[in-house]
Amino acid sequence: MRAVTAPLDRPMAQGSPLRRQLRRLAAVSGTTFLAIAVVSAFLMPLAFMITTAFKEPSQLGAPGAPLYPAAPETFEWEGRDLAVYDVPIDGTIRALALVEPHREDAVFIDPVAPEAGLIEWQGRWRTLEQHWTFQLRAENFSNAWNAIDFPQVFFNTFAIAGLSTLGAVLSGICVAYGFSRFRFPGRNGLFILMIATIILPFQVTLIPTYTVFLALGWVGTWLPLIVPHFFANAYNVFLLRQYFLTIPRDLDEAAMIDGAGSFRILRSVIIPQARPAIVAVTLFHFFWAWNEYFLPLVYLQSTPDLQPLSVALSRFNALFSTEPTLIQAAAIMAMALPVVVFFFAQRAFMRGVVITGVEK
Amino acid sequence: MALNPVPAGGPPIVADPAARPRRWETLRGRERLSGLVFIAPWIVGFVLFSALPMIASLVLSLTDFDPRRPNEITFIGLDNYAQMLRDPVLLESLGVTVRFAVLVVPLTLGFALAVAMLVNSTLLAGRNVFRTLFYLPMQIPLVASTMVWVGVLNVSSGWLNLALGSVGLPGPDWLNSTVWVLPALGLMGLWGIGNMMLIFLAGLQSVPTELYDAARVDGAGRWASFRSVTLPIISPVLFYNLIIALIATFQYFTQAYVVSNGRGDPDRATLFFNLNLYREGFAFFHMGYASALAWLLFVIVLGLTILLFRTARGWVYEGGGR
């Protein structure tokens, strides 16, 4: 494991500076190649997903088919569509179109140079493999798009995730402000109680809340997935509070002297100063809601028109499990937005993880 | 735990409180009131969505509640809890969950730590690119990433078996074999190392370089300095990651539901605790029993956490300042 001990990688090594530099160069390229190998294996399923999504369904089971999306090549000659095979001739393999198949021999023609005439070949043509050419099939995407009814599903997902994020961020800011800027009796006890709710498994409260929502007529609507988030969640409050504590109180006091009340201070001092933390919480919560599976499954099982992406996708997966090309195309469409947003906002994501994870 | 960096109830800011007691009182009172107003959403939410439901679920666990026949609810005492002892499906689900925890949690932690060390190495060019790429799968919706893995693990067209076949190894039918399905889910789980890796990374970056220098002066090799410098210093984050991973195993649901269409196939080999609870509550509507299962889950998670905190004194390093 050279990674951890890197800092002591013999800085006092013997030899000339040039040799030392060469040795370091070798170590750097070795480590980097190792990392490239590991990350390639790690992300290999993504390559599987992308290639499969662009394949013809018939390519999946075909013997001798390449890993990339391709179709068996054909050649039109004298009004006929001829299949093209990889034919070994004189020690090389040539892609030739089959004109006349016989049992023990066959007649081919070269699609690149048909004017050269027919080519006789000895051997069983059935043992030959078809010649594949690179070809993308986009219909998988449109078929999956229509089968899932993506526009509706995206609308549902945006609505549920957007509204619950709005609630989570607004309430999280208020509560974090209350915990970070005011002194009141029992504050520390309440804060610890809030953190303790993190280890309370949601299953414990699931059935009574379900029963109440059922009695209210909310099962089969979005309300159970949105309304509870307007009451602040411990993770968000914790992350925001940690950030609010780093904002100097001088700013609050200056605003207070100018006659600002606590709401004004929150709006014009705290929120503008805490923008990075608020962005992180917004992104976290939005994509958490985007991916959430259990509760939408519980509350929207019998109302397919209202289901978000996660549940609709798993229903699609069960229906089309025999059509991997559609499944992989659907997976790409489902992950496109979160992945693209991640690439633009990766620093906010990764910093947020470290704050909630390490500083607790 | 840096829960409370701000001293609570410190000395009043007003310079001479005795001079203007009334003004001071109102300011103080107003501050109290404002604080409570701002945290009110959480207090209301805690009562409505945590405290009352907890009590209600404890009460429901003593009944045979079925939401399809809410009026026929009867109090049955501890029958649900006695039922657990005689429920072979529950025992199987506990077995699946424990086996998965024993098999997969150490491997996942080890892989996450190894990746964190790799992307922390000063010998790695483009470290931020690699960090991003290893974190990336975290951002893929779980249902979608499970669908991708189901394809990769397909017995004939999946790339994993093609790769195994190309080196002459026979690939198993991962998702339809009671033996291989848990390792297959473990493999899928490697895509979820993102957060763990970042937390390990933060831990690794907190190791003072002087300690490595001191270890080297003492003649420690790479393995020795990993064991006696790195591991102790990062033990708090290792501990944190371990607890989170164990709790996550008892909450494991989405992947198991998607690969088995919610049934725990093959032959209940993927009937995780949480999937069994879901089926009892929302497929069979045994909501009294499901409430009891939820409490069993709570007791297990709490017990595990307490147990780990007990053993933590033996192996988790607490630096002077913490």
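**Exercise 1. The contact between chains A and B**

Work out how many residues chain A and chain B each bring to their contact, and which helix of chain A gives the most.

*Solution.* Start with the criterion: two residues are in contact if their C-beta atoms, placed from the backbone, lie within 7 Å. On that basis, 89 residues come from chain A and 89 residues from chain B. Next, look for the leading element on the side of chain A that touches chain B: helix α14 (residues 324-358) of chain A gives the most, with 15 residues. Helices here are DSSP runs (H or I, at least four residues), numbered from the N terminus. Finally, sort that side of chain A by class: 63 residues are nonpolar, 21 polar and five charged. Ala, Val, Leu, Ile, Met, Phe, Trp, Tyr, Cys and Pro count as nonpolar, Asp, Glu, Lys and Arg as charged, and the others, Gly among them, as polar.

A word on the model before going on. It is predicted, so local features need pLDDT of at least 70 and side-chain atom pairs count only at pLDDT 80 or more, while totals for chains, interfaces and linings use all residues. Residues are numbered from 1 along each chain as its sequence is written, and chains are lettered from A and ligands numbered from 1 in the order in which they are written.

**Exercise 2. Two helix pairs that involve α10(B)**

Describe how α8(B) packs on α10(B), then how α3(B) crosses α10(B).

*Solution.* Two packed helices are described by the angle between their axes and the distance between the axes. Axes are lines fitted to C-alpha atoms, for helices over the stretch in contact, and angles run from 0 to 180 degrees between N-to-C directions.

Step 1: for helix α8 (residues 194-205) of chain B and helix α10 (residues 222-251) of chain B, the angle is about 165° and the axes are 8 Å apart. That makes α8(B) roughly antiparallel to α10(B) (under 35 degrees is roughly parallel, over 145 roughly antiparallel, 65 to 115 roughly perpendicular, and the rest oblique).

Step 2: From α8(B) come B:Met196, B:Ile199, B:Phe200, B:Ala202, B:Gly203 and B:Leu204, and from α10(B) come B:Ile234, B:Val237, B:Tyr240 and B:Asn241. Eight of the contact residues are nonpolar, two are polar and none is charged.

Step 3: turn to α3(B) and α10(B), whose axes come within 10 Å and cross at roughly 145°. This crossing is right-handed. B:Thr97, B:Phe100, B:Ala101, B:Val105, B:Thr108 and B:Leu109 in α3(B) meet B:Asn241, B:Leu242, B:Ala245, B:Leu246, B:Thr249 and B:Phe250 in α10(B). By class, there are eight nonpolar, four polar and no charged residues.

**Exercise 3. Helix α12(B) and what follows**

Decide whether helix α12 (residues 273-283) of chain B is largely enclosed, and find what its buried residues pack against.

*Solution.* A residue is buried if 20 or more other C-beta atoms lie within 10 Å of its own, exposed if 12 or fewer, and partly exposed in between, with C-beta atoms placed from the backbone. Nine of the eleven residues of α12(B) are buried, so the helix is largely enclosed by the rest of the structure. Among them are B:Phe273, B:Leu277, B:Tyr278 and B:Phe282. Their partners come from both chains: α6 (202-215) and α12 (294-300) of chain A, and α3 (88-120), α10, α11 (254-260) and α13 (287-315) of chain B.

Now step past the end of α12(B). B:Phe285 sits in the loop between α12 and α13 of chain B and has a positive phi of about 60° although it is not a glycine. With 15 other C-beta atoms within 10 Å, B:Phe285 is partly exposed.

**Exercise 4. Single residues**

*Solution.* 
- B:Thr254, in helix α11 of chain B, counts as buried with 22 C-beta neighbours inside 10 Å.
- A:Pro57 lies in helix α2 (residues 57-61) of chain A and counts as partly exposed, with 14 C-beta neighbours inside 10 Å. A:Pro57 and A:Glu323 are 266 residues apart in sequence, yet 7.1 Å apart in space, C-alpha to C-alpha.
- A:Ala232 is buried, with 30 other C-beta atoms within 10 Å.
- B:Pro266 is in the loop between α11 and α12 of chain B.

Technical notes. A crossing is left-handed if the near helix is turned anticlockwise from the far one by less than a right angle, and right-handed if clockwise.
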